[in-house]
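Thanks for coming, everyone. Let me put the model up, and then we will walk through it chain by chain.

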Amino acid sequence: MVHIEVDHVGHRYGQGALARQVLDGVSADLTESRIGVIGHNGSGKSTFVRMLNALLIPSQGVIKVNGLDTASEAKKVRRLAGFLFTDPDTQIIMPTVAEDVAFGLRKSGLSKPEIAARVDELLERFGLSGHREHPAHLLSGGQKQLLALASVLITSPQLIIMDEPTTLLDLRNARMIGQVIGELSQTVVLATHHLHLLDDFDRVLVFDSGRLVADGTPTEAIAHYRRLMEV
Amino acid sequence: MAIGINTLGLYQQGSSVLHRVSAWAKLIGLVVLGAASIWLQSRWWLVLAVLGLVVVGYLVAGFPVGLMFKQLRPMIWLLVFIAVMNWWSFDWQRGIAVPGMIATLVAAAGLVTLTTPMSALIDVVVRAVGPLRRFGVDPERVGLTLMLGIRCVPVVAGLASEVREAQIARTATHSFRAFAVPLLVRALRDADAIGDALVARGFDD
């Protein structure tokens, strides 16, 4: 189980007259295995999830993941938490599918056969075995996102943070990725606009103008979000 | 946005002899060819013979010769210019030998990257730079930098193509500023995203 402590967190981009407060006074104690994050564009949800992986360090407040402060122990936090981006094209680093999955283990000290075995296992799991040596950027959108997820899972993180992973996908691929997310054994924090993905989630946080305005079950939180959208 | 990074003649799967030869051997061969080019280009017929060998290499690797010409196409006008200048300044033999040698080296380098996975090339670079570790050089970082450089060339080319298309769709005029500014902004944004991806994947030091 992963324990995320968010204590009075705020974040400001820019300085002086150009400063913009994108998160303000967010606190939450997260221990559930499926946590959704929703909110309109610019509500602060992407900023929030990026902070959980120490990609962004909060301007105010503290975030701890399993007791590790994201500000002072960022590397340890990232070893614990994988991150799935909206656009898999930016996440794919290496030219071929197998090389990209193996990339995360370059500095692991594992032998080549050990790395190859783990790559094969993940490609098999996500139905990408047939594309092992194919150019990664020529896969379909859904396959690219599966590849990105496999590349995250290769380092065996306990927590997977996802920033709108289905936004660029069609309905079929979005559903497929949703199914894969549902089958993950790791703790998942998912920021999304596809509300149906959150049906089986344990807890959903709703952001509005940088503030955490609702926090509850999917039914409660989504109802609150819909009311916000009606205004 | 689907920008193909395999458009730069990168690895294509195969089981030929050239695919099986180690990355070390291929890179050393390339370095030797580069060093020998100074001597080779003094004999035009030898340059053509080596170019012929490279063509055979493409065929042995299972690639059509057209693939080799595709790799040379972007520099065809440069080669023509070099040929004319050498012919005019020296003689026709040199007009063949000098651009022929350049084309041979580029085609040979293309053959190496087409038959060698990127990770194997990086491994070679990392091991080759290894002894410099005592001087504070991080070999893994050198390999990663090289790989990102190779990755970024077709990415930026793809971005340039998209910006150009958007420019044509909106204005149908040729403005350098209207081309360069969005290209720069998008390239920087892309670089930022790749940086985030690298950090998220554990390359954060």
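Two residues are in contact if their C-beta atoms, placed from the backbone, lie within 7 Å. On that rule, 25 residues of chain B are in contact with 26 residues of chain A. Which elements of chain B give two or more residues to the side that touches chain A? They are α7 (118-129), α8 (139-170) and α9 (176-200) of chain B. The largest share, 8 residues, comes from α9(B). By class, that side of chain B has 14 nonpolar, 5 polar and 6 charged residues. Ala, Val, Leu, Ile, Met, Phe, Trp, Tyr, Cys and Pro count as nonpolar; Asp, Glu, Lys and Arg count as charged; the others, Gly among them, count as polar.

Some ground rules. This is a predicted model: local features need pLDDT of at least 70, side-chain atom pairs count only at pLDDT 80 or more, and totals for chains, interfaces and linings use all residues. Residues are numbered from 1 along each chain as its sequence is written, while chains are lettered from A and ligands numbered from 1 in the order in which they are written.

Chain A next. Chain A has 8 helices and 10 strands. Helices (H or I, at least four residues) and strands (E, at least two) are DSSP runs, numbered from the N terminus. Along the principal axes, the C-alpha atoms of chain A fill a box of roughly 50 × 40 × 35 Å. A compact globule of 231 residues would have a radius of gyration near 17 Å; chain A has 18 Å, which agrees. That radius is taken over C-alpha atoms, and the globule rule is 2.2 Å times the number of residues to the power 0.38.

How much of chain A is buried? Buried residues make up 51% of its 231 residues. Buried means 20 or more other C-beta atoms within 10 Å of the residue's own, exposed means 12 or fewer, and partly exposed is in between, with C-beta atoms placed from the backbone. Among contacts in chain A between residues at least 6 apart in sequence, 67% join residues at least 24 apart.

Now helix α8 of chain A, residues 218-230. Its 13 residues should span 18 Å at 1.5 Å a residue, and its end C-alpha atoms are 18 Å apart, which agrees. The expected span is 1.5 Å times one less than the number of residues. P218(A), A221(A), I222(A) and Y225(A) are buried in this helix. They cover an arc of only 95° around the axis, which puts them on the same side of α8(A). The arc is that of the directions from the helix axis to the C-beta atoms. The buried residues of α8(A) pack against β3 (34-39), β9 (203-208) and β10 (211-216) of chain A. On the face turned away sit the exposed residues T219(A), R227(A) and E230(A).

Most residues other than glycine have a negative phi. A54(A) is not a glycine, yet has a positive phi of about 65°. A54(A) is in the loop between α1 (45-52) and β4 (60-65) of chain A. Buried or exposed? A54(A) is buried, with 27 other C-beta atoms within 10 Å. S156(A), also not a glycine, has a positive phi of about 50°. S156(A) lies in the loop between α6 (141-153) and β7 (159-163) of chain A. S156(A) is partly exposed, with 14 other C-beta atoms within 10 Å.

On to chain B. Chain B has 9 helices and 0 strands. Its C-alpha trace spans about 50 × 50 × 35 Å along the principal axes. Of its 205 residues, 23% count as buried. Chain B is divided into domain 1 (5-116) and domain 2 (138-200), with bounds from an automatic or database domain assignment. The C-alpha centres of the two domains lie 28 Å apart.

Last stop: α3 of chain B, residues 44-60. This helix has 17 residues and reaches 24 Å from its first C-alpha to its last, close to the 24 Å expected. V47(B), V50(B), V54(B), G57(B) and Y58(B) are its buried residues. Seen down the axis, they fall within an arc of 100°, so they line one face of α3(B). Their cover includes α1 (17-20), α2 (23-40), α4 (65-72) and α6 (92-115) of chain B. The face turned away carries exposed residues, among them W45(B), L53(B) and L59(B). After α3(B) comes G62(B), with a positive phi near 90°.
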